[in-house]
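Let's take a walk through this protein together. Have the sequence and the 3D view ready, and follow along as we go.

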Amino acid sequence: MDIVVPIKMVPDLVEELEIDSEGRDLDRSSLKLRISEWDEQAVEEALLLRDKHGARVTVIALDTGDVDETLFTCLAKGADRAIKLLGGEAAQGSSRATASVLAKALKGIPHDLVLTGVQAVDDRDGQVAVFLAEALGLPHVSVVSGVEPAGPNAVVARQEYAGGVMAEFEVDLPCVLGIQAAREAPRYAPVSRVRQAMKTLKLEAAAAAAPDAGAGSTVRRLAKPDAGGRAEILEGSPEEVAEKLYAILKGKGLVKS
Amino acid sequence: MTDAIAPAREVFRNLGTPAVALFYLLGALAIAIFCWGAWARIRKYRRGRRSPRLRLAGARLLHGLTAIASHSTLRKRNASTGLAHFAIFWGFVVLFIGTLIIMIDYDMVRLVDPAWRFWRGAFYLWYSLALDVMGVAFLVGLAVLMARRWGARPAALDYTRPDRAADSYSRRGYLRDDALFAWLLLLIGLTGYLVEGARIAADRPPFETWSLVGWQLANAFDAAGLSRRAANALHWWSWWGHAVLALGFVAYLPYSKAVHILVDLANLLVHDEAAGRRLPAPVEGAASAGYATLADFTWKELLDLDACTKCGRCHVACPARAAGAPLSPRDLILGLREHAEDRLGGLSLLRETRPAANDGGDALIGPVVRPETLWACTTCLACVEACPVGIEHVPLIVQLRRKLVEDGTMDPTLQDALQHLDRYGNSFGQSERTRAKWTQGLPFRIKDARRDEVEYLWFVGDYASYNPRVQEVSRAVARVLRRAGVDFGILYEAERNAGNDVRRVGEEGLFEKLAEQNMKALAKCRFKAILTTDPHSYNTLKNEYPALGLSQPVVHYSELLADLLRSGRLTVAKPAGAAVTYHDPCYLGRYNGVFDAPREVLGRIGARLTEMGRCRDNSFCCGAGGGRIWMDDSGQEERPSVNRIREAVGLGSVQYFVVACPKDVTMYEDAVKTSGQEGRIVVRDLAELVEEAV
């Protein structure tokens, strides 16, 4: 089985985020990027499937500057191939455009199962997997937390709902699954193995095709949330607190007496 | 006639030729059995990986011999046990040499020319005196240790394993081996005197008054009315008893606890004083980064396994074991020894037995050593420090941890910490750009050592940079240094975690990466010395970074503060006067021998120091070292830090628990809170007290 995992680099939220001068995007010059945590889950799920059932795992990413170390980390964890798509910057930031570029790249890469993160912190819609399935004409299940083979031509994808309810979908291969969580926490890649991979292995590179889909939506304004910064602690007995709360709400015209 | 009265004795007195022949036959047999057992052990060690320890031993031969002869490692903190063993050791040595002298005189010199025999006359008299006196030392020492073992029953000699269910093993074999060994030695000593006393009673050679004990024993026999004939019979029986026991001991030695006589001599000579302080690099070209099977062990590590006498000093010193973790350094070594004997030979006769055989193959982790056992270690080095025979537990634990890291077998919290360290250079998972944010609370700007030349480059470390409570301490240190006019600077964003604990976790690749990043930053700076408040950074910078090219000295702030107070650059305006106790951080004290500087500082600022029972090189770890601070400690019965605070509170009327390590500030403040000791003792950093006093 060939498993392809498209991954994406997202802003590291540990760093202070700045908005650029035009006010419609983050200031990308000072950003530090990291692998999207849902994509990390997708990589783990692919590796778990490979460890248990045998498969070839290919990780693919748009080149965004510092994607190399992330791809080498995937190789160190056990991925078989790592491909970076050069020149796809234009598609960044839009699920539809990204999916379009990935779909064209996947034409040349064998894929029975495509696993990718169900969303990313910088997504506007969390629909890369959806659009990708559509572009490839493949079945799709979203918010998957666990994949198991079901015979040679299908997999069972598991979804978890609130209240401990679970659903299982049998999906024909090839298919695209949006991964919420892997069955186990993402594995550790020892630094020596990552460095060894950097020394001895090569990343494959391919040119990113031009996206044939627009962003679908445009950003009008990006701003930090206003720091409201006022909190009032209401003290007293429950009755008194309720009284005060009612007075405040009424004063703001939020309740009608 | 003159020959008849010349002091001497007949070697095979009272024995016929067949008896003598039988004795030689038994002797040859005993030596053959000994040689076979000794060879089996040597063959085992020869299977070990090469290690440059013999060269090391050559360089410190005198040191090693002095330690053995003076029993310095055995007497440390165990004066009575050490002295008793000292008496046994030297008694044994003298008695053994005495036996060798007879062999050389009788079985060698006599055969060449009987006229050359020297075991007579004045030499014989002094010989008799020496052996009689040392024989008493030997027996008294044995009696003391036997009374301790079977009378006082110290906790150290309880062989219960904390890492196995009680019904999954039996150590009755160990107990039998202990008894056999002790009683054999005791009976050999007692029968020796019996032989001598009976002979003197039968023959009464006047010069034998030099045999102090034998002569008195003969007097006692006379007083009891023993006839000359009965004395001769007693001599015959006790002679054979002594001979059979002694030869039996020779044969039994390499198959038993008695082998420590030989193995531990060797182990102390090849012991590396830097063990643990400077960890070995992984084996180049090895399939695994760490130790997976016995084939990865060096010969010294295999020797370590056999060196253990089960004295239990590491067992009682270990903070992990005290906390109820499944780690006892003793049982780690003994478990590996049992496995090594199964796989590589060199069998002890009386061993641990198990109802179910280990069918885990060659793998060490899992069937022989549990991962939880390895992860429990705080690398505090108390075991290595306590071990009287030079066993190096901590480096071995790290080698096994390297395998765990490679396999990804670790706490999720540890994995997070390592990923943070890799990504941001600190374990807090905070941006490296905010590393120097703590300096913003200062009324002055600290020099940027990347741009300006400084005398002291202050390597701040993670906790001192990122932990809000320790940041206060860092600012106190900065203010004190400025006040004293010290020329210092920091690396700002260029500093990374020094990697001391990363290396001890077993993440060697990450250690190398962090150290390379730090060395790259340091290489661009001009400074005279590195200063740090963090003993963990101190250890690796001082002991491990020189191999990466660091040539400047490394100073702990306690050392610098002591200097500043001594030289008058800091003057005490308001003497502290507080009653304090001081906790020696493992990586400062035990690892690097800095005991006096912090005490000198406390003395100079007028604090009244009361020592805890476990202080200086016997300090008790807070439980944070070796990466433990990044792991879950919820399963512990009593956290080491709580145990320590209990000890300090137990001193009575101590106001401050003074620490000199950033991790200690957080560990002990937490322990004071969680153990409900708030109001009874307050954790203070050394620098805070200094700032208040100057």
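This is a predicted model: local features need pLDDT of at least 70, side-chain atom pairs count only at pLDDT 80 or more; totals for chains, interfaces and linings use all residues.

Let's start on the inside. In soluble globular proteins, nonpolar side chains tend to be buried together. Here, the largest nonpolar core counts 157 residues, and B:Ile446 and B:Trp458 have the most contacts inside it. The biggest contributor is helix H8 of chain B, residues 172-203, which gives eight residues to this core. Where does the core sit? Both domain 1 (2-11 + 60-260) and domain 2 (413-693) of chain B supply residues, so the core lies between them. Apart from it there's another core, with 40 residues, including A:Val43, A:Phe72, A:Cys74 and A:Ala82.

Now hop over to strand S6 of chain A, residues 113-117. This strand is mostly covered, with five of its five residues buried. Which strands does it pair with? One is strand S1 of chain A (residues 2-7), which runs parallel to S6(A) and is joined to it by two bridges; there, A:Val4 partners A:Val114. Another is strand S11 of chain A (residues 175-179), also parallel, with five bridges to S6(A). In that pairing, A:Thr116 has A:Gly178 as its bridge partner.

Last stop: the cysteines. A disulfide is a covalent bond between the sulfur atoms of two cysteines. How many are there over all chains? The count is zero. Take B:Cys377: the nearest cysteine sulfur belongs to B:Cys383, 6.2 Å away, whereas a disulfide needs the two sulfurs within 2.5 Å. B:Cys377 is buried, at 6% relative accessible area, and B:Cys383 counts as buried too, at 8%.

Notes:
Residues are numbered from 1 along each chain as its sequence is written. Chains are lettered from A and ligands numbered from 1 in the order in which they are written. Side-chain values use heavy atoms; hydrogens and water are left out. A nonpolar core is a set of buried Ala, Val, Leu, Ile, Met, Phe, Trp, Tyr and Cys residues joined through side-chain atoms within 4.5 Å. Buried means under 20% relative accessible area, exposed over 50%, partly exposed in between (1.4 Å probe, protein chains only). Helices (H or I, at least four residues) and strands (E, at least two) are DSSP runs, numbered from the N terminus. Domain bounds come from an automatic or database domain assignment. Two strands pair if DSSP finds at least two bridges between them.
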